[in-house]
Amino acid sequence: QVQLVESGGGLVQAGGSLRLACVASRSILSIDAVGWYRQAPGKQRELVASITKDGSTTYAEPMKGRCTIARDNAKNTVYLQMNSLKPEDTAVYYCNARVRVGLFRVTDYWGQGTQVTVSS
């Protein structure tokens, strides 16, 4: 089991920055991958960025070049630094932990989400 708690969302003007934090209930080094996803009203949830336990990162197109994912192992925390925010970045941002169980199965855990609103 993994519990995830996100924080750091809020209201920001276009061009501004926010840093989201996701605190896990257990060592993030025991989690195969931690990712940030977002979901805007009426749209599907989409990947923003992820980091694996060996430190490999992936960035998806919506925010590639404008965000950085990083972790603090001692604090069991994964951060998402977002810069040059645009109104279309407005969404609920969710933290995801993916844990491999067996050779071909994974289990996904989700946080409750944090709202990010970017005003024009």
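Trainee: Which class does Arg-98 count as, going by its relative accessibility?

Mentor: Arg-98 counts as partly exposed, at 34% relative accessibility. Buried means under 20% relative accessible area and exposed over 50%, with partly exposed in between (1.4 Å probe, protein chains only). Keep in mind that this is a predicted model, where local features need pLDDT of at least 70, side-chain atom pairs count only at pLDDT 80 or more, and totals for chains, interfaces and linings use all residues. Residues are numbered from 1 along each chain as its sequence is written, and side-chain values use heavy atoms, leaving out hydrogens and water.

Trainee: Which residue forms a salt bridge with Arg-98?

Mentor: Side chains of opposite charge can pair when their charged atoms come close. Here Asp-108 is the partner, with the closest N and O atoms 2.8 Å apart; a salt bridge needs a side-chain nitrogen of Lys or Arg within 4 Å of a carboxyl oxygen of Asp or Glu. Asp-108 sits in strand E10 (residues 106-110) and Arg-98 in strand E9, so the pair ties together parts ten residues apart in sequence. Strands (E, at least two residues) are DSSP runs, numbered from the N terminus. Asp-108 is partly exposed too, at 31%.

Trainee: How many salt bridges does a search of the whole structure find?

Mentor: Six. One of them joins the side chains of Arg-66 and Asp-89, 2.8 Å from N to O. That pair links distant parts of the chain: Arg-66 is in the loop between E6 and E7, Asp-89 in the loop between E8 and E9, 23 residues apart. Both ends are buried, Arg-66 at 12% and Asp-89 at 1%. Another joins Lys-64 to Glu-61 at 3.4 Å; Lys-64 is partly exposed at 46%, while Glu-61 is exposed at 59%.

Trainee: What about the inside? How many residues has the largest nonpolar core?

Mentor: In soluble globular proteins, nonpolar side chains tend to be buried together. The largest core here has 30 residues, and Trp-36, Leu-80, Met-82 and Tyr-93 have the most contacts inside it. A nonpolar core is a set of buried Ala, Val, Leu, Ile, Met, Phe, Trp, Tyr and Cys residues joined through side-chain atoms within 4.5 Å. Its largest share, five residues, comes from E9.

Trainee: And in E5, which residue is the bridge partner of Trp-36?

Mentor: Ala-49. E4 and E5 pair in the antiparallel sense over six bridges; DSSP must find at least two bridges for strands to pair. They form a hairpin with six residues between them, and Gly-42 in the turn has a positive phi of about 80°.

How values were computed: Helix = DSSP H or I, 4+ residues; strand = E, 2+ residues; numbered from the N terminus.
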